[in-house]
Amino acid sequence: MTSLSEARAKVRKDFDTSPHRLAYHQLMLVEAGNGDLTIDSTRYSCRAGSVLWIRPNQVIQFAAVTDMEALLVMFTETFPLRMHATMGMLDDVLRPCHWRLRDDEPAGLRRVLALMRDEFERSDQGPCEDILKHLLAVTLLHIDQMCRSRRRADQAEADAPSDENGELFLRFRRELEASYRTTRLVEDYAAALNCAPRTLSRACRVTAGASTKDMIDARVALEAKRLLLHTDLPLGAIARQLGFTEVTNFGKFFARRVNMTPGAFRRGENPRN
């Protein structure tokens, strides 16, 4: 645990403006000031009360030097306690990563974070790993509760994810991370998970509100954006890395998903209407 100002002081001078990729999870609670932060090509305007969850391998970049101050909580993928399947869905680069707390929400989260920091900074016996794990679990449950409270008001209870749908969706997301570079076929993922395509589709619809195909294509498009913005690889090499045999097919796929060509995206042009 640390503060944004402490992190700035410990790393390179271009920390605020240089894009960088984290190898761990980072929760950020903005406590004062304001500024813009880009996560995987999406810019978020942050101010006091903003919460961000940056996952491993996401590319982040501060838009400019700001007066923003925040509390940072960093943890590895293996540190948190095992929780219900629906909680694990937050550990997902396609899930929300920015929230603005309502007036009644910051107090509870800050209390938990204060307890976590006190335990982390203990000088007598050092931090107790078990206590930190439980406090982190409470923090993640707070974020999960925020996500649930922001669901559409008219969503039927029957649409809530069951244990079976949640578990299957998590297995699908793990398989997607392993295979999105080699296949975009729903049938291949269903076969790998030993289920029918229709069953997988329902799990994705109920859990994430999107089709299986849309989830697959969104992950491929996200990686394409990362490679276009943060590498100098030619389009052909990027296409091959993402499983396209022809660069023209990659171009058509990207234009359909992002509403602009890969070259225009790399140049920073505005998307077409």
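**Helices, strands and confidence**

Tutor: D214, D217, A218, V220, A221, A224, K225 and L228 in helix α8 meet F250, F253, F254, R257 and V258 in helix α10. Contact means heavy atoms within 4.5 Å. The model is predicted: local features need pLDDT of at least 70, side-chain atom pairs count only at pLDDT 80 or more, and totals for chains, interfaces and linings use all residues. Residues are numbered from 1 along each chain as its sequence is written, and side-chain values use heavy atoms, with hydrogens and water left out.

Student: At what angle do α8 and α10 pack?

Tutor: About 105°, with the axes of α8 (residues 212-230) and α10 (residues 247-258) 10 Å apart. Axes are lines fitted to C-alpha atoms, for helices over the stretch in contact, and angles run from 0 to 180 degrees between N-to-C directions. α8 and α10 are therefore roughly perpendicular, a label for angles of 65 to 115 degrees.

Student: What counts as a helix or strand here?

Tutor: Both are DSSP runs, numbered from the N terminus: helices are H or I with at least four residues, strands are E with at least two.

Student: New topic. Which strands does β3 pair with?

Tutor: β3 pairs antiparallel with β8 (residues 69-75) over 7 bridges. It also pairs antiparallel with β6 (residues 50-54), over 4 bridges. Pairing takes at least two DSSP bridges between two strands.

Student: And what is opposite M28?

Tutor: In β8, M28 stands opposite L72. In β6, its bridge partner is L52.

Student: How many residues of β3 are buried?

Tutor: 6 of the 8 in β3 (residues 25-32), so the strand is mostly covered. Buried means under 20% relative accessible area, exposed over 50%, partly exposed in between, with a 1.4 Å probe and protein chains only.

Student: Is H98 buried or exposed?

Tutor: H98 counts as buried, because its relative accessibility is 19%. This residue lies in strand β9 (residues 98-100). Not counting residues up to four places away in sequence, H98 touches Y44, S45, C46, S50, V51 and L52.

Student: What is the order of the open sheet?

Tutor: β2-β7-β4-β5, four strands with antiparallel pairing. β2 (20-21) and β5 (42-47) stand at the edges with a single partner strand each, so one side of each has no neighbour in the sheet.

Student: Where does pLDDT stay under 50?

Tutor: Over residues 152-161. pLDDT is the predictor's confidence in each residue, from 0 to 100. Where it is low, the predicted coordinates should not be read in detail. The protein averages 82, and 83% of the residues score at least 70.

Note on methods
Angles under 35 degrees count as roughly parallel, over 145 as roughly antiparallel, 65 to 115 as roughly perpendicular and the rest as oblique.
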